[in-house]
Amino acid sequence: MKIALMGNPNVGKSTVFNALTGSNQQVGNWAGKTVERKSGLIQRANQEIELVDLPGTYSLTAYSQEEIITREYILREKPDVIMAMVDASNIERNLYLVLQILELAPRVVIGLNMMDLAQTAGITIQTAELALALKVPVVEIVAAKGKGIEEFLTEAIRVGTLKQDPLPGEVSYPEELEQRIQAMEDLLVDTPWATKYPLRWLALKRLERDPEIGQEWKTIPTKSRKSTDKDSCCDPGDAINYELQKTTVLPGEALLQAYEAEGWSKDHFEMAFADAKYKYISQILPKFRAHENPSKPTWTDLLDRWVLSPIWGYPIMFAVLAVVFWGSFVASAPIGGAVSQGMAWAANVVVRLLQWGRVPDFVQSLVRDGIFAGVGAVLAFVPQIAIFFAFFSFMQDSGYLARAAFLGDRFMQLMGLHGKSFFSLVSGFGCNVPGIMATRTLEDPKDRLITMLINPLIPCVPRLGVMSAVVAAFFPGSRGSVVMLSLLLLSMILVMFSALFFRRVVKQTERSAFVMELPLYHIPTLRNVLLPTWQKTYSFLRRAWTFILVASIVVWALSSYPQGVPMNATWAGKMGGWLSFIGGPLGFDWRIMVAIVFGFTAKETTLSTLGILYGVAADASQSIAQAMTGAMTPLRAYTFLVVYMLYIPCLASVVTTYKESGSLGWTSFGVAYNLILSFIMGWLVFHGGLALGFQ
Amino acid sequence: MERFLGDLKPGERACVEQIEGGGALRRRMMDMGIVPGVELEVVRRAPWGGPLQVRLKGYYLAMRRGECAKIKVSEIYQEQIEHPLASR
């Protein structure tokens with residue numbers, strides 16, 4: 001039996017899904033989409049049930065990725081039952097979606113969640129009356145406490161095993177609309193389409209001139225499609241792909257034209273249907289809902305008075321961000337250090353084993369300096385990412401993230417972006433990988449892509465660390481902070497400029513509206529915070545490890561062959577020499593170019609590479625930076641800082657961009673953009689500086 | 001006098017009369033419950049021309065001023081205030 005879980009965003013869907021499937025989940029992406037797909041297998045009453053968590057949507061029209069996925073799933077996969085989650089504290093808008101579901105699929109069970117939240121807001125709902133009004137079974141649940149979830153599923157299974165489709169209540173459309181719907185139904189009733197879809201739904205969609213009806217789709221399992229091309233970096237996505245077979249025009253064209261002449265265009269119909277649904281809801285609402293003291297301020301009102309206040313809102317946001325940053329990027333440092341040490345220890349053990357087995361020296365070096373050192377450098381920042389995601393899930397679930405988007409929207413508007421981009425960009429200062437992954441909250445795919453592409457221009461913590469060491473060495477005293485500020489300012493300006501530039505490059509037919517729900521605050525469950533944290537960290541590791549492993553080996557090979565020669569004679573050193581035609585116009589010598597090339601795997605390694613190249617024995621970043629002062633003028637150092645700040649952050653961020661955008665083209669575009677931009681900015685700074693007489 | 005949602009002061013309430021413009025914007029508003037006849041309250045405005053926080057039917061939406069300027073509103077009739085349930 002196939003059961004789909006549906007509902008508005010923030011209704012507690014994932015809590016129910018997690019409770020029912022536990023750890024038995026499959027997380028991937030919907031085929032061809034960048035929306036997460038979660039499914040799980042459960043056993044109940046000798047039945048195997050596939051539970052699919054459909055993305056949270058407000059409606060079943062086909063305008064956002066989430067809506068398209070949800071609709072296509074119901075139309076093409078035809079789940080046996082739909083478990084529709086409804087937020088009791090927000091029942092009117094939630095029922096709008098339920099009415100749309102009922103028109104499309106008769107086997108529906110409603111799970112009424114957040115009754116406790118509704119009660120504190122003075123709302124009481126008579127469950128039996130609601131079930132009677134819609135003629136659909138209703139189960140009360142308190143998802144956060146795990147109450148009613150099992151009953152919800154049991155009821156869904158019962159509905160799924162019914163011999164005949166139940167007859168849910170129908171929306172009563174106003175007379176003039178009803179006549180037109182029935183006229184269309186008469187035309188469609190004898191077509192084969194009427195056997196595939198509910199007649200009423202078919203007529204409504206025909207009146208809206210919906211392109212989906214009339215299309216025949218064939219499902220092709222992904223396995224038959226290029227099974228050899230199983231890239232371990234990429235989730236296989238949905239197991240099912242669709243292929244358009246043929247498109248037929250349904251009858252009723254003449255009728256539609258006649259309606260259009262009367263002023264009933266498809267937009268008009270759409271609006272009228274939506275309006276009728278809302279009217280219908282407000283008609284039946286008094287039967288099951290009572291609202292006492294609607295004007296009494298709720299918890300959310302009281303909190304918002306502070307959190308969204310024009311005076312306190314921003315300090316509170318900075319405090320929250322400070323805690324998140326401190327927790328993820330400062331407090332996690334010992335864990336990251338422990339990971340590095342653990343890797344070093346493991347490397348030693350393995351090398352000793354190899355020595356004992358008399359394995360050739362180059363293999364030992366490959367294992368120690370290549371694999372363990374390279375992979376260890378990346379693993380060391382996995383705790384950062386994990387802790388950051390725990391905070392992120394907490395903020396998203398509690399409702400604070402939407403508030404941060406509300407406060408940050410004004411600044412994002414300057415760049416033509418959405419308020420939700422704000423958080424992704426701010427996260428970039430910690431680490432670009434979670435910053436890029438945080439774009440998942442953006443609904444518009446184009447906004448998402450732009451946010452993803454500009455994120456690497458924001459210097460992350462490791463880059464800031466290297467930069468501040470270099471700045472401190474070249475610009476001692478108060479000049480240092482001015483230089484650092486100027487760099488950050490430059491990055492901000494470029495982020496803004498690039499966002500506006502990408503807006504022109506990325507084709508966007510219709511700008512999405514900024515209409516965002518500010519959900520009621522609630523305390524997320526521990527499971528809802530930890531499970532996504534684990535899933536995101538795991539999927540990052542799974543997709544990145546092959547790349548990181550290969551890159552570590554390549555870097556090791558380049559820098560240690562031919563064996564026994566000084567660094568400048570290795571392949572990597574020669575590469576730096578070849579690349580000096582790029583570095584020349586910027587005043588860089590080959591050593592800087594080598595450091596830049598090597599910085600690609602992980603940028604924090606740049607200083608240690610420079611240390612080796614300048615022959616500094618000490619490992620401390622300060623002494624390496626000091627050694628650089630002998631070889632470079634401050635102007636060259638500043639140029640280096642600009643280029644260093646702007647070119648591709650690291651391998652992991654590129655892999656993440658590829659994974660999140662799902663497009664090799666856009667990933668390459670982003671990489672090329674970063675490289676070209678950093679070169680141009682470096683050139684401008686260097687030659688501008690020379691012209692102004694700086695050294 | 002024509003009034004738009006963007007003209008309301010924080011704390012003011014009004015009824016949606018009409019949504020100007022079409023396409024994705026209007027559809028999105030419809031999905032979020034902004035349809036003619038619905039009662040809205042502007043809760044607060046974010047500083048420096050930022051978005052508005054709007055309350056309707058017990059939930060909150062954030063909308064940009066540009067979008068609020070497309071929602072034509074009218075005053076709420078007295079009896080609707082007395083019977084908020086019946087009026088949706």
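Me: What makes up the area buried between chain A and chain B?
Reply: In this predicted model, about 3,900 Å² is buried between chain A and chain B, and carbon and sulfur atoms give 57% of that area. The contact draws on 45 residues of chain A and 35 residues of chain B. On the chain A side, A:Met271, A:Phe406 and A:Val515 supply 18% of the area buried against chain B, more than any other three residues.

Me: Why is an interface described by an area?
Reply: The size of an interface is often given as the accessible area lost when the parts come together.

Me: How many salt bridges are counted between chain A and chain B?
Reply: The count is four. One salt bridge between the chains joins B:Arg27 to A:Asp267.

Me: Why is the pair B:Arg27 and A:Asp267 called a salt bridge?
Reply: The closest N and O atoms of B:Arg27 and A:Asp267 are 3.6 Å apart. The cut-off is 4 Å between a side-chain nitrogen of Lys or Arg and a carboxyl oxygen of Asp or Glu, so the pair qualifies.

Me: Is B:Arg27 buried or exposed?
Reply: B:Arg27 has a relative accessibility of 8%. Buried means under 20%, so B:Arg27 counts as buried. B:Arg27 sits in helix α1 (residues 23-31) of chain B. Leaving aside neighbours within four places in sequence, B:Arg27 is in contact with A:Tyr63, A:Asp267 and A:Glu270.

Me: What makes A:Arg158 and A:Glu155 a salt bridge?
Reply: Their side chains meet at 2.7 Å, N to O, and the limit is 4 Å, so the pair counts. A:Arg158 and A:Glu155 both belong to helix α6 (residues 149-160) of chain A and are three residues apart, about one turn of the helix.

Me: Why is A:Glu155 called buried, and why is A:Arg158 called partly exposed?
Reply: A:Glu155 has 19% relative accessibility, and the limit for buried is under 20%, so A:Glu155 counts as buried. A:Arg158 has a relative accessible area of 43%, which lies between 20% and 50%, so A:Arg158 is partly exposed.

Me: Which other salt bridges does the structure hold?
Reply: Over all chains there are 31 salt bridges. Among them is A:Lys205 with A:Glu208, the closest N and O atoms being 3.0 Å apart; both residues are buried. Another, within chain B, joins B:Glu12 and B:Arg3 at 3.3 Å between the closest N and O atoms. B:Glu12 has 24% relative accessibility and so counts as partly exposed. Salt bridges that share partners also link A:Arg206, A:Arg209, A:Glu253 and A:Glu260 into one network.

Me: Where does A:Met114 lie, and what is its phi?
Reply: A:Met114 lies in the loop between β6 (108-113) and α4 (115-120) of chain A. Its phi is positive, about 60°, although A:Met114 is not a glycine. A:Met114 has a relative accessible area of 9%, and the limit for buried is under 20%, so A:Met114 is buried.

Me: Which residues touch the most other members of the largest nonpolar core?
Reply: That core has 109 residues, and A:Leu487, A:Phe540, A:Ile592, A:Leu610 and A:Phe640 touch the most other members. Helix α29 (residues 634-646) of chain A gives the largest share of this core, nine residues. A second, separate core of 93 residues includes A:Met6, A:Leu104, A:Ile125 and A:Phe288.

Me: What does A:Phe540 touch?
Reply: Not counting residues up to four places away in sequence, its contacts include A:Phe381, A:Val382, A:Ile385 and A:Met437.

Me: How do you know what confidence the predictor gives each chain?
Reply: The mean pLDDT of chain A is 84, and 94% of its residues reach 70 or more. In chain A, pLDDT is below 50 over residues 223-238, a stretch with 21 contacts in the model beyond near neighbours in sequence. Chain B averages 81, with 86% of the residues scoring at least 70. In chain B, pLDDT stays under 50 over residues 78-88.

Notes: Residues are numbered from 1 along each chain as its sequence is written. Chains are lettered from A and ligands numbered from 1 in the order in which they are written. This is a predicted model: local features need pLDDT of at least 70, side-chain atom pairs count only at pLDDT 80 or more; totals for chains, interfaces and linings use all residues. Side-chain values use heavy atoms; hydrogens and water are left out. A nonpolar core is a set of buried Ala, Val, Leu, Ile, Met, Phe, Trp, Tyr and Cys residues joined through side-chain atoms within 4.5 Å. Buried means under 20% relative accessible area, exposed over 50%, partly exposed in between (1.4 Å probe, protein chains only). Helices (H or I, at least four residues) and strands (E, at least two) are DSSP runs, numbered from the N terminus. Contact means heavy atoms within 4.5 Å. pLDDT is the predictor's confidence in each residue, from 0 to 100. Buried area is the accessible area (1.4 Å probe) that two parts lose on being put together, summed over both.
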